[in-house]
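Reader: I would like a close look at one part of this chain, followed by an account of how the rest is put together. Please take the surroundings of a single side chain as the starting point.

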Amino acid sequence: MSERLALYKGKSKTVYDIGKPSELLVEFRNDATGGNGAKHAVLEEKGRVNCAFDAFIMAMLAENGIKTHWLKKVSDTEIVVRRLDMLPIECIVRNRAAGGICKRLGIERGRVFAPPIFEFFLKDDSLGDPIITEDHIFMMQLASKENLASMKVLTHRVNNILKPFFAKAGFDLVDFKLEFGYYQGELLLGDEFTLDGCRLWDIQSGEIYDKDRFRLDLGDVIQFYKKASTRLGIL
Ligand code: C5P
């Protein structure tokens, strides 16, 4: 790979300029963080496993008509993506109750949401990524009504593609987070889809295969990421 300049170092990925105006290189690192960075660990093989997981899911979404930033995998831990102008908004869909919604609304863990619940969050570490309404987004001029509607529709479409895919391998897709950005005026899916950004439970046993293993100190984080990836035909 030619000269590269780190543009942004996130909690688990580093984004590099590779001298092309419309492309970026993303490196998946072995870092794991929780509690908005309060907890940190370096987990061997995490970057490789997440890179493979993300590549597989992004390709599958593209095959199913979702436009994404993803272009190609260039090493075990690196991908090349389209350079998006990212929106500071997180789109979350919940098929069942876990994590934030249980704490916020006192809802019993595991409750099934039919239809699924959609939420917007503001991506701002200094504010602790608060949940926000559409009116907040318009007031802060973060996105147009049309683009918000598109993000919501696209996130539900991703859920409709991924939920049955995971179910076939015996997994319940509990919830997940997506981020979008503009590319030449068009809204595309950016960021990543890995076990760091979704909740995946074994349908039979309820066993946790996602980042909650790290957040909740359940142990064997990467072993479970690898087991899930193997069952899904990714590794
Ligand atoms: O914490 P909460 O329950 O709101 O998270 C919902 C889903 O979004 C989980 O799958 C979590 O991993 C993901 N998420 C994320 N990044 C954040 C917040 C949530 O990937 N900053």
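Leaving out residues up to four places away in sequence, which residues does phenylalanine 138 touch?

Author: Phenylalanine 138 touches Ala143, Ser144, Lys145 and Leu148, when residues up to four places away in sequence are not counted, a contact being heavy atoms within 4.5 Å. This is a predicted model, in which local features need pLDDT of at least 70 and side-chain atom pairs count only at pLDDT 80 or more, while totals for chains, interfaces and linings use all residues. Residues are numbered from 1 along each chain as its sequence is written, and side-chain values use heavy atoms, with hydrogens and water left out.

Phenylalanine 138 sits in helix H3, residues 134-139 (helices, H or I, of at least four residues and strands, E, of at least two are DSSP runs numbered from the N terminus). With a relative accessible area of 25%, phenylalanine 138 is partly exposed, a class that lies between buried, under 20%, and exposed, over 50%, for a 1.4 Å probe and protein chains only.

Buried residues account for 51% of the 235 residues, and of the contacts between residues at least 6 apart in sequence, 56% join residues at least 24 apart.

Three of the strands can be followed as a group: S8, S13 and S14, in the order S8-S13-S14, form an open sheet with antiparallel pairing, where two strands pair if DSSP finds at least two bridges between them. Strand S8 (85-86) and strand S14 (186-189) are the edge strands, each pairing on one side only. Between S8 and strand S13 (residues 180-183) the antiparallel pairing runs over 2 bridges, and aspartate 85 stands opposite tyrosine 182 in S13.

Charged side chains also connect parts of the chain, and the whole structure holds 24 salt bridges, each a side-chain nitrogen of Lys or Arg within 4 Å of a carboxyl oxygen of Asp or Glu. In one of them, the side chains of arginine 94 and aspartate 175 meet at 3.6 Å, N to O. Arginine 94 belongs to strand S9 (residues 89-96) and aspartate 175 to strand S12 (residues 171-178), so the pair ties together parts that are 81 residues apart in sequence. Arginine 94 is buried, at 3% relative accessible area, and aspartate 175 is buried as well, at 4%.

A further salt bridge joins arginine 104 and glutamate 119 at 3.0 Å, N to O; this pair links distant parts of the chain, with arginine 104 in helix H2 (residues 100-105) and glutamate 119 in strand S10 (residues 112-122), 15 residues apart. Here arginine 104 is partly exposed at 34% relative accessibility, whereas glutamate 119 is buried at 8%. Arg94, Arg104, Glu119 and Asp175 are among the members of a network of salt bridges that also includes Arg199, Asp212 and Arg215.
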